[in-house]
Amino acid sequence: MIGATLKLAIRALHRNLLRTLLTALGMIIGVAAVIASVSMGIGAKVQVESQIASLGQNVVMVLSGQVSRGGFNMGFGTAGTLTKEDFDAVRREVPGVKGASPEVRSFAQLAVGNQNANAQVIGVGGDYLEVRAWPCTSGGTFGESEVRSAAKVAIIGRTTAKTLFGDDVDPVGQIVRIKSAPFTIVGLLQAKGMNMMGQDQDDIVLVPYTSAMKRLTGATTFRSFLTQAESPDDLASVQTEISELLRQRHKMGPGRDDDFLVRTQQEIAEAATATSRVMTMIIGVVASVSLVVGGIGIMNIMLVSVTERTREIGVRLAVGARGWDVLFQFLTESIVLSLVGGLLGIALGATISQSVPKLFQVPTVIPAWSIIVAFGVSAATGIIFGFYPALKASRLDPIDALRYE
Amino acid sequence: MKPVIQLVDFSKTYASGEIEVKAVRGVSLTMLEGEFVAIMGASGSGKSTMMNTIGCLDRPTEGKYLLDGIDVGTLDRNDRADLRNKKIGFVFQGFNLLARTTAVENVELPMLYGRPVLPGREQRRRAMESLAMVGLAGREDHTPNRLSGGQQQRVAIARALVNRPALLLADEPTGNLDSRTSIEIMGIFQRLNDTGMTVVMVTHELDIASYCKRIVVMRDGLIKSDTEVAGRLLASEQLARLDAEQQAVQLHP
């Protein structure tokens, strides 16, 4: 019975192939929009998450306060309110802190023999690589003694190493001149890729922060430092403890705003994904509207079909079809119609989502659930919007239907 | 002979707007198994209402209708659909075949709604058998647009026969056909009637009614006359006569 009805529905739809396809177009566009937008949303989320993860594990960032120049707020990290004493105090006194390292950022000219490069040079502590979960592929990090003595040692990023030494040379043990001071390379970092801003994180040289401050920047305060909590559960308490300690150290009474900013990795991740989540939601709503429009198109054409086939319905009723048989027949037809639209829409959506990364450098991921949901939603659309026409057909009076011209 | 159709004081009233139209007003009529009855009458005489009621498409407003002993008046929509499926074969004036559907599939249509549904192979076998009975063996795969009017009506008759009904009900079956084809169709009805099938048809053509055994004439919702056909025509003889006449025309140009 179901097989026969299905055959009947496919045949009826095949008869008006162009009409069927035009009607299905609404569903095709709706479903394709859903599939494509979800794949872009998920893709963005996955990308952001991997970038947040590249920051390190259980990281709590401390940024120095903000400064206003000529009415422009320059943002956190510009005021230089964090001192080495603050850093040491945090490391010493905050429970749950496993490791910590300042970040003293600057750009400097590098030279090896006759090769030149301009790269970011970051002054860091001995814990830095562990905090950022960033291993060396060759050599290793420097330790506290090198930091204390402001030693001229450096860890080099993959891209910088390639620029200065070429592909196949292990730079460990070589000398690199940073602003003409010779630094011995002790480690080669694993490649990390781009960060959230699209910057190459591997075009980098790490030196002890003491060396950076003394020899490269001349700064006496830190813009920021990273600390690592022992476990994800400690993040919140570490954040609060650092805030309280710094307020105390900076002698800030109640009611005064912090002159620093403490952010956990989770908060950064949430802020970064919030925008893409809102975008995904908006596109999702638009896509659902087009699904409803597609459904109305199906309803419309099914009503036309019922009217066109009034006599056929009359004959079927006369030879013994029950109302239910007719209802089932037309419902099957509208479900098949919307499923055809849904399947073509899934195919189109997948195609769009495959070509988006090539065109816009935006990653996309098609989750299995989005296909299942799209399939289910198109079946549901067929049922919901096909029900009224099918009901109308099933309630026809056989005498009137047979007489219909 | 047991009665196939029993109408007892049958009335049918239609409410059209505020006015009540009494289409049939108290008719009692019995048709036995193996009868071949023509219902005649002008338009508005109530013959269509009679037809719809006999065909279980409609229920009496008053009185009783028993089909093969079953009281149709007490049945709901679905039960009447089942009853039509089992007991009645319909033949319409406009054939009412499904377009772009082969002859054999058209004939299978009533079996789709049979309870229980027969297996596909059995459906096909019965449909072929039915088509052979109306002389259409070999044209099973033709769609209606490739068949002549007479052939289309034969397919419709095959469709009406396929569930082995107790009653064959024809509504102006020759209305869309030329006179020769009409006689051929009447021949098929006569042959079926000879095998014991009860046939009831509505017609307004007296010469077509003359192929039946009994004529019921309606007027203003009542039976005006109910008579045996005197000088019944036989389709086979009439066709032979037509052929002879045609030959005569060809011999004397």
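Reader: What share of the 253 residues in chain B is buried?

Author: Buried means under 20% relative accessible area, exposed over 50% and partly exposed in between, with a 1.4 Å probe and protein chains only. In chain B, buried residues make up 53% of the 253 residues. This is a predicted model, in which local features need pLDDT of at least 70, side-chain atom pairs count only at pLDDT 80 or more, and totals for chains, interfaces and linings use all residues. Residues are numbered from 1 along each chain as its sequence is written, chains are lettered from A and ligands numbered from 1 in the order in which they are written, and side-chain values use heavy atoms, leaving out hydrogens and water.

Reader: Which radius of gyration does chain B have, and what would a compact globule give?

Author: The radius is taken over C-alpha atoms, and the globule rule is 2.2 Å times the number of residues to the power 0.38. For 253 residues a compact globule would have a value near 18 Å; chain B has 19 Å, which agrees. Along the principal axes, the C-alpha atoms of chain B fill a box of roughly 60 × 50 × 40 Å.

Reader: How many helices and strands are there in chain B?

Author: Both are DSSP runs numbered from the N terminus: helices are H or I with at least four residues, strands E with at least two. Chain B has eight helices and 10 strands.

Reader: Turning to chain A, which strands are joined to strand 7 by bridges?

Author: Two strands pair if DSSP finds at least two bridges between them. Strand 7 of chain A (residues 153–156) has four bridges to strand 9 (residues 181–189), running parallel. Two bridges join strand 7 to strand 10 (residues 204–208) of chain A, and these run antiparallel. A:I156 stands opposite A:L188 in strand 9 and opposite A:V205 in strand 10.

Reader: Are the side positions of strand 7 of chain A buried or exposed?

Author: Both faces are covered: A:V153 and A:I155 on one side, and A:A154 and A:I156 on the other, are all buried.

Reader: Where does A:A161 lie, and which residues is A:A161 in contact with beyond its neighbours within four places in sequence?

Author: Contact means heavy atoms within 4.5 Å. A:A161 lies in helix 6 (residues 158–165) of chain A and is buried, because its relative accessible area is 6%. Leaving aside neighbours within four places in sequence, A:A161 is in contact with A:I156, A:G166, A:P171 and A:L188. The C-alpha atoms of A:A161 and A:D203, 42 residues apart along the chain, are separated by 8.2 Å.
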